[in-house]
Amino acid sequence: GIWPGSNDEILYQNAINRVRPLGEDDHGFLYYWLSFLKNQGFIEVICNNATILHYTAETVSRTPFIIPPVREQKKISTYLDYNITWIDSLIRRKERLLEHVQDYQKSSINDVLTSSHG
């Protein structure tokens with residue numbers, strides 16, 4: 001995840017790796033790159049995961065980082081930010097629609113079961 005910084009106390013379990021972009025490199029691009037590697041199963045391949053995934057500083061150092069020019073990094077992360085936000089909003093709208101459909105189905109079933117057939 002990306003931590004924007006705060007004065008609040010931070011607690012974590014066992015270990016945490018901090019990876020920061022160098023110079024003007026884009027933190028969003030770095031986040032998306034690492035997320036891509038994780039989602040593709042690459043992180044699991046390079047980690048010792050006999051019981052739980054253990055992504056140590058050593059395995060972080062063996063992680064390949066593709067670093068396009070900063071301008072491209074920013075374009076890529078801006079594009080992904082926009083589209084992921086848009087997709088997330090569509091998912092939320094679909095979930096709300098499904099809830100309405102389920103409510104309508106329950107109401108319709110209730111109406112059928114409780115109506116008097118004369």
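Author: A residue counts as buried when its relative accessible area is under 20%. In this predicted model, 14% of the 118 residues of the chain count as buried.

Reader: What makes Tyr-32 buried or exposed?

Author: The relative accessibility of Tyr-32 is 15%, and the cut-off for buried is under 20%. Tyr-32 therefore counts as buried.

Reader: Why does Tyr-31 count as partly exposed?

Author: Tyr-31 has a relative accessibility of 35%. Partly exposed is the class between buried, under 20%, and exposed, over 50%, so Tyr-31 counts as partly exposed.

Reader: How many aromatic pairs does the structure hold, and why is the pair of Tyr-31 and Tyr-32 called edge-to-face?

Author: Two aromatic pairs are present. In the pair of Tyr-31 and Tyr-32, the ring centres are 5.4 Å apart, and rings pair if their centres lie within 6.5 Å. The planes of the two rings stand at 65°, and planes over 60 degrees apart count as edge-to-face. The pair is therefore edge-to-face.

Reader: What is the pattern of the chain, read along the sequence?

Author: The pattern is α-α-α-α, with four helices and zero strands.

Reader: Why are H1 and H4 called roughly perpendicular to each other?

Author: The axes of helix H1 (residues 27-39) and helix H4 (residues 70-114) cross at roughly 70° and come within 8 Å. Angles of 65 to 115 degrees count as roughly perpendicular, so H1 and H4 are roughly perpendicular to each other. Their crossing is left-handed.

Reader: Which residues make this contact, and what is its make-up by class?

Author: From H1, the contact involves Gly-28, Phe-29 and Tyr-32; from H4, it involves Gln-73, Ile-76, Ser-77, Leu-80, Asp-81 and Ile-84. By class, the contact of H1 with H4 has five nonpolar, three polar and one charged residues.

Reader: Where is Leu-34 found, and with which residues is it in contact, leaving aside its neighbours within four places in sequence?

Author: Leu-34 is found in helix H1. Apart from its neighbours within four places in sequence, Leu-34 is in contact with Val-19, Tyr-55, Thr-63 and Phe-65. Contact here means heavy atoms within 4.5 Å.

Conventions: Residues numbered from 1 in each chain as written. Predicted model: local features only at pLDDT ≥ 70, side-chain atom pairs only at ≥ 80, totals over all residues. Heavy atoms only, no water. Phe/Tyr/Trp six-rings, centres within 6.5 Å; stacked < 30°, edge-to-face > 60°. Buried < 20%, exposed > 50% of the residue type's maximum accessible area, 1.4 Å probe, protein only. Axes fitted to C-alpha atoms, helices over the stretch in contact; angles between N-to-C directions. Helix = DSSP H or I, 4+ residues; strand = E, 2+ residues; numbered from the N terminus. Parallel < 35°, antiparallel > 145°, perpendicular 65-115°, else oblique. Left-handed = near helix turned anticlockwise from the far one by under 90°. Nonpolar A, V, L, I, M, F, W, Y, C, P; charged D, E, K, R; others polar.
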